[in-house]
Each structure stands twice: as C-alpha cells, then as structure tokens.
Amino acid sequence: MKKLFLLAAIAGGCLGALGAWGASPALNLYEGRQTQSLSGEWHYIVDPMNTGLYKYHMTPLKPSKRYFADRHFYQNKTKLVEYDFDRSPILQVPGDWNTQSDKLYYYEGSVWYQRTIPFRKTPGQRWFLYFGAASYSSIVGLNNEVLGTHKGGFTPFWYEVTDALREGENSLVVHVDNTRGASEVPAVNFDWWNYGGLTRDVLLVSVPEVFIRDFRVQFDGKQIEATVRLDGGKGCVTLEIPELRIKKKVCSGEDGVAHFQMKAKPQRWSPAHPKRYEVVVRTDQDCVRDRIGFRTVRVEGEQILLNDQPIFLKGVAVHDENIGENPGRCRNEEDVKGLLEAARDLGCNFLRLAHYPHSEQMVRLAEEMGFLLWEEIPCYWNIDWASEDTYANAEEQLLTMIHRDYNRAATIIWSVANETPRTPERLSFLGRLIAKVREEDGSRLVSAALEKKTTNKIDYYVEDELISLTDLISFNQYVGWYDGTPANCDTVVWHIPGGKPVVVSEFGGGALYGNHGASGELFTEEYLEWLYQKNIEMMSKMPGLAGISPWCLKDFRSPKRTLVGIQDEFNRKGLIDERGNRKKAFFVLKKYYENRD
Ligand code: GCB
C-alpha cells in the first residue's frame, strides 16, 4: 500500500517545489510527445449507491474488492461476482454521460468506466496516463492498483504508470463522480449543466527516462526568456526557433532546470496577425515542439495595451458546450471550431471562456484563429470561503490551468471568480488566489467578474475591495433583464472607480430563436435586439470602457431554466440558439463590433 501511495504522490505531482513552477510540475502535451489515444468505447456501470466503494455498513472496501479489481481475477467461479464490465453498456470517451443516455440525463452520482489497454514495454521508456478532464472527481485504478484521486472537473491530471503497466492486457478503471458538494469548486448552485464523465481526452503518454516535462517561453518586448524543466535527471537542452534564427544550448543544473535568454525581434502575435513561431526543445533523448506567439500585454491607466497599442476587447462569453441538436460538452476540435467560427462571424477579437477552464483544444484553436482569451476557474457565486480544503482545491485548479496554458499568447487574463458575495472570508480567499497568480505568472492581467449594486435602478455602483487587487474592473450587469426594461439604460448613472480599464464581463437577456413579437415582449428576439441596442448605447458612455463580453454566445443547458416552451432547460441568453441559428441581437452586436476600432 505504501508503494501505491508513493506512486500516486509522485504521479499526482508532489515532487516538491522546483523553480518557478510551484509545487505541481505540468505534464504538457507538446507536439512530438508519443501518445496513444484511449478515446472511444468504454464500458460503464452506474453506481448510485457506491457499491463498488463501500461495504453495506459503509466501511470502505479495500482496493482489491472494489470494482477496480482486475475482472479476470474475479471471474473465478467460486466467488460471487455481481458485476461484469464486459456485459455492461458503452459510453464514448471523451464525452459527458448525460447526453449519451436518456437514463443519465439528470444523473448526479458515480459511474465506473472500464477499458483495456494492450501494452508492450520498451526499455528506456516511461509511461503516464493523462486525463484531459474527469467531471467532477475521480479515482483511477490500473490492474487493481489505485493510482490516485483527483478533484476538479475541468483540469487535466496524470499518473506515472511505468511500474503499474504489465505486458499484454491491462484493465483501466475510472470511478467518476459528479455529485455536487457544498465545499467543492463550484459548489452546489450554478447556472449550467452538471455534466459528468470522462469529458476530455484520455491518453497514454510515453517519454524517455529523462524527458522534457515542461517548458515556458515568455517575451517581454525585447527578449525571449525560456525555462525548460527535465524530469528524471539533468541534461543539456537545445532551444531552437528556426524562423528567428535562434539556436541555443544550455545545460541544466542538478534540479533539471535550464534557463535561456535571447534578444529577439519577432513579429508580434495579435488578433489581426496571429503569427506563431515553431519552438523546438531538444535533449539527446527527447524532442518536443510548440507553436508560440509573442506579444506583450499590460494596462496603462484605463487602457489595455496589446503590443503597446490600446485594444478594445470585442468579446463574447462562451460555455464549453457544442452547437448541435443534442448539445453537450465539446468533445473534439470540430466542436470547439463551431463555437469559434460563430464568434468570428460575430466580429469578436476576445472570448471569455466561462466559467471554468475550457479544453486545451479550445485554447489552442482560439489562439490560431486570433482570439484574445479570458480564462477562469469556477469560484462561482457562493462557495465555502472559510474552508482550507476548498481553497486548496481552487488553487490547484488555478495553477493547473496556468501551467497548461502558460505558453499561449492568446490568454491575456486569468480570472479567479464570478459574482461572489462581498464577505471578509471571500476577500481573503480570492486575495490569496490573486497573489498566487502573480507569483506564478507576472506576465498577464488578473481579474474577477464582480457584481454591481443599486437601490433605485438609476445609480449603479461597482464597489468591491477586490478592485484594489485586480488589473481590470470587470463586472456583470443585467440592465434590461433582471433590472428593469431596456428603457432603463437611458437613465442609468454608473459609479465606477476610475484608474483601471473597465471590462463589462456580462450583460444580456433571454430570447427564444424564432419567437417574434413586440420589442417589449419578454423572450422574443425583438426584446433581445432592443436590449442589445440600449445596452450598447449605455455602455459606450461608460468612462474607461476597454471591452465587453456579453452573456453569451450560445443557448446552453441549465436545469435552472424551466419555462416550458421557451427555455426547456436551456438558458436562452445566447446570441445563437443551440443549433446555431442567429437571433436578431447577433446582428446588432456584429454591427457594433464592425464599426468599433
Ligand atoms: C450571471 C452568471 C451566469 C448566468 C447569467 C444568467 O450573472 O454569471 O453564469 O448564466 O448570469 O443567465 O443569469
């Protein structure tokens, strides 16, 4: 058991603090990594009572008695066995379970996934199991060994399995549980579908004994700095950017970390010119590549400067849910492309990836297509601010997101929270998170989507102690929807502290595509069209306005939206509906973006 524990600890990223990465080194999926996809058909068993985890008095089962147990071992006829993965139905991985079976549509609980992995050992190699995301928590078992547990439904995790894999067939079992919890992140109340499952890619990654675990590249306007981290030993590292004629070799210290500094004048990455350079990192055993854009971002007074030029963020907020007849979590590049193409047609240069880390595919493709990104973790509405475990969970999600996307030029904003209550506990919690972001990555802007306050529906105040800690003043407002009608926009007076760029991180209202009526009629396309016209007029007068990300691109599933015939369990604040049909408001925003610098 001790050995397993150690394995899980190592694989879970507890190798100790090294360099600037903090305590959890990433295992990043660069080009050139040898990977075997474990996507496709997995058997599953639905286990609402957690029969595979506990005995009848709720004492925990030993791993050897859990559903992890190697099914061949249990198929011994003298034992009573009451499960059989081979006879169990199939779920596609990646994919949420809710949209794959009617029985699982509302399901919140545990599901056991199982598949086999054929394996042949090659000397001198190490192997990792990589999970893009499992929502919300998981326990991974390989051949009856527990590799580890993970919490947080939107961030990747991995386990080293070099010693756990055996020649021939291996049984991989993953217990995934999407039960909501008061001390989880997010907690119990949120306005999107609580999709469960192995929602992102599962991979078997093979690397040499000493391998390039992670590298970070940064451009400060004058020079490119890079830090490469080897795992398994030390070595000499060559970093090459062929198009810039850069080639440099640095030998790591005992810690396996090599630092580079190179003067360079790259073409700058921007939405209008999303130029990326191939960066090759090589040792005598390993070679990986990434395509990296170089840009700078900072704030000056009330402006956001991209490559030293002011930029207005023409944004839209997006959930990780595909466009289609039966939408669910995005499963592949095709799914995220659908969303990104709709945002491009809208004229956006910026996306708020709400309300949790989206997939790496989303971030990479957005970068290739020239979108600036706001990335965020699900400290949403109210969570258990006083709990240290909750804090540790939020911090882990935040750091994993930063580690995964550190090299992405597209990402300019890390956001730590959405619409959270102003309490001392929350201030201390989010203050710690913000300090953590700055420690980990001083090259980007930090934000949080705040709330506004009004007592008379005329004076709106954005007041929050967090503003002194963030780079932007971002807040959500719903004048014309939760707050009066769009006509109210004419009389609203905004009281926003000056001195920092203002980004309205949400505004919007609901409309069912194809539902027409007078502009005063709720849920009609005409109402939403009017709401967008009036909000745009109002916000254009806001001092310091540096960007907007209306709520939101696409109608998305939410069990909180129950109005039959209109919502039918969809939040209807999309500019397009779930099938991609454009509402009238889409064209109002498009026109505004076309005419705005
Ligand atoms: C908000 C939330 C967003 C909701 C939206 C709404 O302020 O940030 O998650 O979906 O309002 O539709 O009410």
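## Helices H3 and H4

Helix H3 and helix H4 cross in a right-handed manner; a crossing gets that name if the near helix is turned clockwise from the far one by less than a right angle, and left-handed if anticlockwise. This is a predicted model, in which local features need pLDDT of at least 70 and side-chain atom pairs count only at pLDDT 80 or more, while totals for chains, interfaces and linings use all residues. Residues are numbered from 1 along each chain as its sequence is written, and side-chain values use heavy atoms, with hydrogens and water left out.

To find the pair, look at residues 333-345 for H3 and 360-369 for H4: their axes come within 10 Å and cross at roughly 40 degrees. (Axes are lines fitted to C-alpha atoms, for helices over the stretch in contact, and angles run from 0 to 180 degrees between N-to-C directions.) H3 is therefore oblique to H4, given that angles under 35 degrees count as roughly parallel, over 145 as roughly antiparallel, 65 to 115 as roughly perpendicular and the rest as oblique. On the H3 side the contact includes Val 336, Leu 339, Leu 340 and Arg 344, and on the H4 side Met 362, Leu 365 and Met 369 are among the residues; contact means heavy atoms within 4.5 Å. The contact of H3 with H4 has 7 nonpolar, 1 polar and 4 charged residues. (Ala, Val, Leu, Ile, Met, Phe, Trp, Tyr, Cys and Pro count as nonpolar, Asp, Glu, Lys and Arg as charged, and the others, Gly among them, as polar.)

## Helices H5 and H6

Further along, H5 (residues 388-405) packs against H6 (residues 424-440) at an angle of about 30 degrees, with the axes 10 Å apart. That angle makes H5 roughly parallel to H6, and the crossing is right-handed.

Tyr 391, Leu 398 and Ile 402 are among the H5 residues that meet H6, whose own contributions include Phe 429, Leu 433 and Val 437. By class, 8 nonpolar, 2 polar and 5 charged residues make up the contact of H5 with H6.

## A four-stranded sheet

Now for the strands: 4 of them form an open, antiparallel sheet in the order S1-S10-S5-S8. (Two strands pair if DSSP finds at least two bridges between them.) S1 (34-37) and S8 (157-160) are the edge strands, each pairing on one side only. From one strand to the next, the twist averages 25 degrees.

S5 (residues 125-131) and S10 (residues 202-208) are joined by 7 bridges. Arg 126, for instance, has Val 207 in S10 as its bridge partner.

## The whole chain

The protein chain has 8 helices and 32 strands, counted as DSSP runs numbered from the N terminus (helices: H or I, at least four residues; strands: E, at least two). Its C-alpha atoms fill a box of roughly 75 × 60 × 45 Å, taken along the principal axes.
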